[in-house]
Amino acid sequence: MKKTRLGISSYSLTYAVGVPGFEPQMPLDAFGLVDKAVELGVSVLQIADNCPLDKLSAQRLNELAEYGKKHGIEFEVGTRGITNERLKQYIQIAKVLDAHLLRVVIDAPGFEPDIDTIIELIRAILPQLEETGIILGIENHDRFTADIFAHIVKSIDSPYVGIVLDTVNSFSCEENTETVLKHLAKYTVNFHVKDYTIKRIENSMGLIVIGTPAGQGRLNIPEVERRLMSEAMCDYSSILELWMPQAEDIGTTLFNEDHWVRESIVYLKNVITELGS
């Protein structure tokens, strides 16, 4: 049975980190995210593209590595756009932080490579992944169906390339959780725990998918974790992500987000403990 490690992400606290059009007075930076992970009692922190690590100086990045080590936090890093230059840059960042997972979203603004190009780009950096012991986790993100992501990983056929599983992302391809697990569970190296619900809009002319705290929506998290513990490619991390609706003001939004994170982590700790991981 595979084991999982619970963690948070810069996408657990999206509003606190700041997004275009929503900029708190004191945005949470990478060091603040370490503090938050310690406060919540989790061991893993995934810093993704909304808190870009390539903006840090070499000195600051080394300071972050020491800060995480001092507090017992395991880093995972993330970016988007799998150009050769970007992948090499983030492998080096991961190496400095002693991070063993590099999570990538294939596409970036103005960059949407075809399947053959994706496979070629990833094969080109396999030697660096093997040399550093870093696993590249490709997130199933919007544009491709789950079977195509499975095809990409299967074609590369390396223990250093797997899937960052986000069951909700695949709704954009009209795929449900069971379909995603069927194709991708066996390649999973990281699970984005993102609970959701589906509601009809006020005038009844449509449906919306919105986030909930973990355990309060439609995603059967214990069952997904059970499947991954049985089928995943290796031991993996379970990283909380939230799709929380924005409130009427910044203060309320930040308060709600913090409350959602705390509720979710309490729930996920119980789930993982009950599953014996």
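This is a predicted model: local features need pLDDT of at least 70, side-chain atom pairs count only at pLDDT 80 or more; totals for chains, interfaces and linings use all residues.

Modeller: Residues are numbered from 1 along each chain as its sequence is written, and side-chain values use heavy atoms, with hydrogens and water left out.

Biologist: Why is the pair of Arg-5 and Glu-76 called a salt bridge?

Modeller: A salt bridge needs a side-chain nitrogen of Lys or Arg within 4 Å of a carboxyl oxygen of Asp or Glu. Here the N to O distance is 3.9 Å, so by that definition the pair counts. Arg-5 lies in strand E1 and Glu-76 in strand E3, so the bridge ties together parts 71 residues apart in sequence. (Strands are DSSP runs of E, at least two residues; helices are runs of H or I, at least four; both are numbered from the N terminus.)

Biologist: How do you know whether Glu-76 is buried or exposed?

Modeller: Buried means under 20% relative accessible area, exposed over 50%, and partly exposed in between, with a 1.4 Å probe and protein chains only. Glu-76 comes out at 2%, so it counts as buried. Arg-5, with 27%, is partly exposed.

Biologist: What makes the link between Glu-76 and Gln-46 a polar contact?

Modeller: Their side chains are joined at 2.7 Å. The term covers a pair of N or O atoms within 3.5 Å; within protein, one must be able to donate a hydrogen and the other to accept it, and residues adjacent in sequence count only if both atoms are side-chain atoms.

Biologist: Why are Asp-107 and Arg-143 listed as a salt bridge too?

Modeller: Their closest N and O atoms are 2.6 Å apart, so the pair meets the salt-bridge definition as well. Asp-107 is buried at 14%, whereas Arg-143 is partly exposed at 31%.

Biologist: What makes Tyr-15 and Phe-22 an edge-to-face pair?

Modeller: Rings of Phe, Tyr and Trp (its six-membered ring) pair if their centres lie within 6.5 Å; planes under 30 degrees apart are stacked, over 60 edge-to-face, and the rest tilted. Tyr-15 and Phe-22 have 4.9 Å centre to centre and 65° between the planes, so the label edge-to-face follows from the definition. Tyr-15, at 12%, counts as buried, and so does Phe-22, at 2%.

Biologist: How do you know that Arg-60 sits over the ring of Phe-31?

Modeller: Its charged end is 3.9 Å from the ring centre. The label requires NZ of Lys or CZ of Arg within 6 Å of the ring centre and within 35 degrees of the ring normal.
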